[in-house]
Amino acid sequence: MPSSRLLNAIELERQLTEFLVHYAEKRLRRFEAIFELQRLEEITFGNSRQYWRLDDRFRALKHWFNHVGAKLDESCFNREMIFMLSRCVEKIGSYCRVNDHAQHAKQTWFDLGQAQKVALLANSFLQSRSRNLGYEYTPLGLKLVRPPESPVGVETVDRLDSDMKQKFRQNLAYQEQMMDFLDDPRRHLFGIVSYLFGEIEKNGDRRAEHMAASILYFLKIHGYKVEPYVEKLRKFRNKTAV
Amino acid sequence: MLKNSESSEIKLQFDERLRVFYSLIAAGQFDNAWRIAADIRDQMEPADQVVMAALALRRELQKFLG
């Protein structure tokens, strides 16, 4: 068998393995996020005794958005999950519109100001999660809008941030977080570089670019052949520099 | 026709198997994932079918590489 054919087959098998593992990890994060969204539905719509008083319900909602929702991976949200979330946000908003004179409101309510803050929190959570998928939440419900053509934020922040030392420190912190996030005994450093390439390709993320270059240099000084990866990184650089 | 409770039970079973399927892949147990998927393949959504196709291709490549 010609050796180049064999090498291609080995490389393809490596890439497929990496794709499968990476995608499976993402799907597992989605399963976890769906589980947490079901919990949010329970808190929002549930009739259980612990939420009979609206302020108890809102305390639980506040906890969910601050401590549970904030930790869910944005990239694993899909359309169905955004709709689940929007139903909850609408219901939360409707609790805040309760007529002050309604008898049950008098019995169950005492902190409307706090509740409105939670409703705002819920709304902004939904906005940020739906933007990734090209949706915008309006008073009439979810609306499909054209997704932004390029990732917003990163470039603007870069231009404003003139302190290069500070920026470098931020990049190191990002690298540490990513290493923790991607820490897996089965994953080689090359696997992490491939993951970072995905991030660069998807978002043009400069921090990922810096981290990939740093890992490749580390591998190079430890005797690994890194040229194909460096070449790919160079192509990304050229593309983003255009 | 299935009652609502029966159909949600089936959906739960499917979701659980799909979760196990992805757990096995994430753990690198591709052959076990393949066995699990055989039962639920027909109910899978297109994105999951793509994963099945990648899994099948990987199996073939492994045969080819011996």
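Let's start where the two chains meet: 16 residues of chain A are in contact with 15 residues of chain B (contact means that C-beta atoms, placed from the backbone, lie within 7 Å). On chain A's side, that makes 11 nonpolar, one polar and four charged residues. Keep in mind that this is a predicted model, where local features need pLDDT of at least 70, side-chain atom pairs count only at pLDDT 80 or more, and totals for chains, interfaces and linings use all residues. Residues are numbered from 1 along each chain as its sequence is written, while chains are lettered from A in the order in which they are written.

**Confidence**
- The model scores ipTM 0.88 and pTM 0.60.
- Chain B averages a pLDDT of 86, and 91% of its residues score at least 70 (pLDDT is the predictor's confidence in each residue, from 0 to 100).

**The largest nonpolar core**
- A nonpolar core is a set of buried Ala, Val, Leu, Ile, Met, Phe, Trp, Tyr and Cys residues joined through C-beta atoms within 7 Å; buried means 20 or more other C-beta atoms within 10 Å, exposed 12 or fewer, and partly exposed in between.
- The largest one has 23 residues, and V89(A) is one of those touching the most other members.
- Setting aside neighbours within four places in sequence, V89(A) is in contact with A122(A), N123(A), L126(A) and Y137(A).

**A look at L182(A)**
- L182(A) counts as partly exposed because it has 15 C-beta neighbours inside 10 Å.
- Beyond four places in sequence, L182(A) is in contact with R187(A), I192(A) and Y195(A).
- I192(A) is 10 residues away along the chain, yet its C-alpha atom is 7.1 Å from that of L182(A).

How values were computed. Ala, Val, Leu, Ile, Met, Phe, Trp, Tyr, Cys and Pro count as nonpolar, Asp, Glu, Lys and Arg as charged, and the others, Gly among them, as polar.
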